[in-house]
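Have the picture open while you read.

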4 protein chains.
Amino acid sequence: MIKAGIIGATGYAGGELVRLLLGHKEVEIKWFGSRSYIDKKYYEVYQNMFQIVDAVCMDDNMEELADQVDVIFTATPQGLCASLIKEEILKKVKVIDLSADFRIKDVKVYEKWYGIEHKAPQYIEEAVYGLCEINREDIKKARIVANPGCYTTCSILTLYPLVKEGLIDTDTIIIDAKSGTSGAGRGAKVSNLFCEVNENMKAYGVTSHRHTPEIEEQLGYAGNCEITLNFTPHLVPMNRGILATAYAKLLKKADGSIPSYEEVKAAYDKYYQNEKFVRVLEKGICPETKWVEGSNYVDVNFVIDERTGRVIAMGALDNLVKGAAGQAVQNMNLVFGFKESEGLELVPMFP
Amino acid sequence: MIKAGIIGATGYAGGELVRLLLGHKEVEIKWFGSRSYIDKKYYEVYQNMFQIVDAVCMDDNMEELADQVDVIFTATPQGLCASLIKEEILKKVKVIDLSADFRIKDVKVYEKWYGIEHKAPQYIEEAVYGLCEINREDIKKARIVANPGCYTTCSILTLYPLVKEGLIDTDTIIIDAKSGTSGAGRGAKVSNLFCEVNENMKAYGVTSHRHTPEIEEQLGYAGNCEITLNFTPHLVPMNRGILATAYAKLLKKADGSIPSYEEVKAAYDKYYQNEKFVRVLEKGICPETKWVEGSNYVDVNFVIDERTGRVIAMGALDNLVKGAAGQAVQNMNLVFGFKESEGLELVPMFP
Amino acid sequence: MIKAGIIGATGYAGGELVRLLLGHKEVEIKWFGSRSYIDKKYYEVYQNMFQIVDAVCMDDNMEELADQVDVIFTATPQGLCASLIKEEILKKVKVIDLSADFRIKDVKVYEKWYGIEHKAPQYIEEAVYGLCEINREDIKKARIVANPGCYTTCSILTLYPLVKEGLIDTDTIIIDAKSGTSGAGRGAKVSNLFCEVNENMKAYGVTSHRHTPEIEEQLGYAGNCEITLNFTPHLVPMNRGILATAYAKLLKKADGSIPSYEEVKAAYDKYYQNEKFVRVLEKGICPETKWVEGSNYVDVNFVIDERTGRVIAMGALDNLVKGAAGQAVQNMNLVFGFKESEGLELVPMFP
Amino acid sequence: MIKAGIIGATGYAGGELVRLLLGHKEVEIKWFGSRSYIDKKYYEVYQNMFQIVDAVCMDDNMEELADQVDVIFTATPQGLCASLIKEEILKKVKVIDLSADFRIKDVKVYEKWYGIEHKAPQYIEEAVYGLCEINREDIKKARIVANPGCYTTCSILTLYPLVKEGLIDTDTIIIDAKSGTSGAGRGAKVSNLFCEVNENMKAYGVTSHRHTPEIEEQLGYAGNCEITLNFTPHLVPMNRGILATAYAKLLKKADGSIPSYEEVKAAYDKYYQNEKFVRVLEKGICPETKWVEGSNYVDVNFVIDERTGRVIAMGALDNLVKGAAGQAVQNMNLVFGFKESEGLELVPMFP
């Protein structure tokens, strides 16, 4: 039994982390950090936790926390984790950072896209990008895990086999992604009010969303090349779920033809057939966000368009689970040598 | 480890039963009955179950089923369970019926409200009404459990302490209930299409909803009197959740005053303080359906109106869990002597 | 052609007023008041108005405004209209106040329920309660129209014929109302975020909602008696629409029977058959909010419960139209002698 | 004052046509055709029309109808209009067909994508594709107007200036479109039930949606070349609205640079600055479906991505208005010489 502390426990990702850890056999939550609600009962912030969690919210004191727990989750805005982390903390605890602070290896890219100075660049190299299906072995040895973004997890897992196996022209990648509104966080903003989001749909952050360089970097590792792509997020009137629809030109084979369904399917199966949380759907079935809601699954599939020579690859996940808290728990399981799916064997809830 | 069969496994309540039983340590599902989808893979009907359930849908053969399993759940339209049940089945298996067939003791009342002939009236007396918090001991010994309706579970648990303790004038009870659309089932009807339900709200079955006599009968047992009340259901544009808002005149005490908050609270605590699944909220907090979504909890609370002398009691539950499949599992746990909360320790999902 | 000014043009009710007045042949909007957005283009606040409204938002200067326009609409928080109004303004313009400042005749009741001091009690007596179907003649002569609340319009019109004709026991009235979220306004609050409201339902303001005394006062005039009732509002995950479900005991006739459907229907027809905007639905049809969306209609109907002797009366309206801006325009039409339905002949939008 | 008949008046597009024509000064609806509801009052099918429309539903008798009206709208499934149309009808009335029967000039393409035989190929050449902003002059002279599809109207108007002005490489066009659920029609299907659509998002018809060849043909005329593109529709949990997000490589200019914002903006302005119903939004503002809801507007805008050399063009419309019934009315206005915006000056409804 290890002890966990959460900094940022009252955001939506933090709340989901609490939900998941409560069902985890090997972990006990010792610290519900929330600067906004210090000294308030946690269940007063999230009444679903009434009679389940009796703790009060604590400050973001990472040093004190490091003395009390074995793992710290930071579900906080960009910059906070980097500003608090230091060697004496890392000597005592593992850190799983749900923010973007340690996701991007090139600090200049981070500072350009996020518009803030990185306060702990010395740990960027060491931090492991926590996309479990891809970096499993490195994660096991990590002190700092950079938990991937929601859009990025969905986008990368959707495209990974195509890039890794060299099936597509990486200059032609376009990702059109759609997200439920919990991805926008729990801050009180007019643009996230029910009446502004409901019965509405829009793109946002067009050409400028911060998950773009993260996707490019990770897919670049897979393809062993530099990748520049278009990523367009959209806001959808639903609570949870991300759907990524990705487009790319299939590379022609020596005989001038494009890869067949079977060949592309084989690429997906090569990487995912032993992965519990990535489900390659059967031919003709498009992923739907509702089929993974509340669970750690990512459903992926693809369609080949003979007319245009493109592949349309699709992926769906729950942005708060596999896109945030679920993957964080999966990372923790890897770091501490628990069963990788412990606490995550949640059957998707439908409807 | 017992074996379970589900008749009606592809309705929403049946699907939820599958979800819950998959997380139950003592049960294995052996039979996914669905007359509409015979021979089809279950996951083709509910893609959330892809790579989780590999079984195919079977016919509604209760006799054959009785040879293979220890418990049969019937999540079917009214009349089906009564038409199939017989002594040789009951000698072999326990039956938990999620339909209304065995909920109402007076067969004439059943036949009047449901408009069908009861095919097995000889078992009505024996069947135990499966409202676990109230009939726990009888359920443990039952061969047939009549699993309560969704609205009824919510309505009864909301009002039970008030009636049982004689705090209200039972002639003045009015229950105004609101339900998410999964309560209407998965049948393809124009009135349940997305565009007809979304951005809409209506009452339906006004003065004639079939859960009315069930609520009246059960509250009548609590109050030891005959109760006639108004029950009005409404359709709400959400998937899950029932909210019951109940009104009644508080009976005056000897000194002419009405009971205080503390006195009424004591009545709720008397019956629910040791109940894991009924949460009496703190003063001033109104139940919200989202706080119990996906879980077996019922949240209840009340407000006293000094001006009118009425109490407004409120209850919220997830209609597919505590209102159907969750309570069915809870009943199964009681019948088989498992831990009552086994498979039901689900933390509500928010948002 | 008259000129209108709106104070509070960027709230939801203010925005709806703009939408409606743009389609009104006799009015031109000269002043888009919004203290929060001074000097900002109106369409930057509501992009639906792009290329339709070119004006910039102005301050709340009622005196200057009085020189420029013929009618001022105040769609502002409680207290603002009362704090600005004075004789020299009323000498120049008509005021239609969408806030509660002049709705309640007893200033003590206003101050108790609203918790603020009334700054212009001298005008309360003069102000006319702008429920057009009931106070039509007085409205025509008014300088100040107190535009009714959304819940109150719906509740009063639902119950009016029953109370006016003495068909019900007014001590037994219970109103259970459900509202879309636009009724909560456009303020940035966590509780109104999409993820908090969506897939959720709750009661709020139980026994304490400020529309209660307004309903009681107006129904009291109808019944020529003092009325104390229960009013419980609920928040529903939809943008627009209010549904009121009202309960009351029918008074027995001399022969001991309760009034028949035909007798109650006659009461509704007596008051509404010539009313364009109140539609008494056919027998057995329950009002649905979607059927009046975007329009000035109120749909009402009732069901008699022979078992309990109660009538269940139901009403549905669009809270931003008949519940706010539409009724304000209807009042303006009466005040200025325009055709009462001018600018309001909007066919409800479905779906 | 002309007379209109609607065949298919009880589908969602038919219902919207009724709503719009009721507000049109020059038209009277004489025939509410609906084979499914013959002899039923129209308002019994759409209760929003109670006390507004008193007519009963009629059969689909186009010949009889031709004797009674000046214009026939067919809002029916593919194939019906082609099966009924003939010279003696066209001699008497104008036909505005909201189905796909006369949209595609190459009958083989039609028959391949729609999978049905075309019953009146002799009229395909004559029929005018009713995209008003592009084919205005031809429409004025047409006997048969092929009213464009919802996705196609949105997609074409979003990309038209880019293709027409030769700014993009037409081999690189990808359209990722998202639609509210009313686009799926009012047929009772499980996949369109509230609980299946709500809190869910999916792509469908990937590489095979029937609007693809229509978009390709029309953009081909604009670009004077053959165009093959990817079009992927998605289902969104909202009633109304289509958002198209389109991607294409900008063609480099002689100096090797890509066109600037101002150059691309000039192309949009060239075609749309005098168009009432196409609003080119200001720089940095992304179209949102809610801003056009209930109206005939299409909002378009674009972003240039310097990194990838692509333009991301976006368009939003109300699928039932500009995407169906509104455009049909606009076409009628052109055909009969009415003011083009008559009956269509609807301000978008927000929220």
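In chain B of this predicted model, seven strands form an open sheet with mixed pairing, in the order β9-β10-β8-β11-β14-β13-β12. Strands here are DSSP runs of E with at least two residues, helices are runs of H or I with at least four, and both are numbered from the N terminus; two strands pair if DSSP finds at least two bridges between them. At the edges stand β9 and β12 of chain B, each with a single partner strand, so one side of each has no neighbour in the sheet.

Strands β8 and β11 of chain B pair in the antiparallel sense over six bridges. Within this pair, B:Ile175 lies opposite B:Ala246 of β11(B).

These strands of chain B have the following residue ranges:

| Strand | Residues |
|---|---|
| β8 (chain B) | residues 174–179 |
| β11 (chain B) | residues 242–249 |

Chain B also touches chain C, and the contact takes 40 residues from each of these chains. Residues count as in contact if their C-beta atoms, placed from the backbone, lie within 7 Å. Among the elements of chain B that give two or more residues to this side are β8, α9 and β14.

Chain A can be laid on chain B by a turn of 180 degrees and a shift of 0.0 Å along the axis, with an RMSD of 0.0 Å. The two copies are thus related as by a two-fold rotation axis. The superposition is by least squares on the C-alpha atoms of residues with pLDDT of at least 70 in both copies.

Residues are numbered from 1 along each chain as its sequence is written, and chains are lettered from A and ligands numbered from 1 in the order in which they are written. In this predicted model, local features need pLDDT of at least 70 and side-chain atom pairs count only at pLDDT 80 or more, while totals for chains, interfaces and linings use all residues.

Definitions and conventions:
Contact = placed C-beta atoms within 7 Å.
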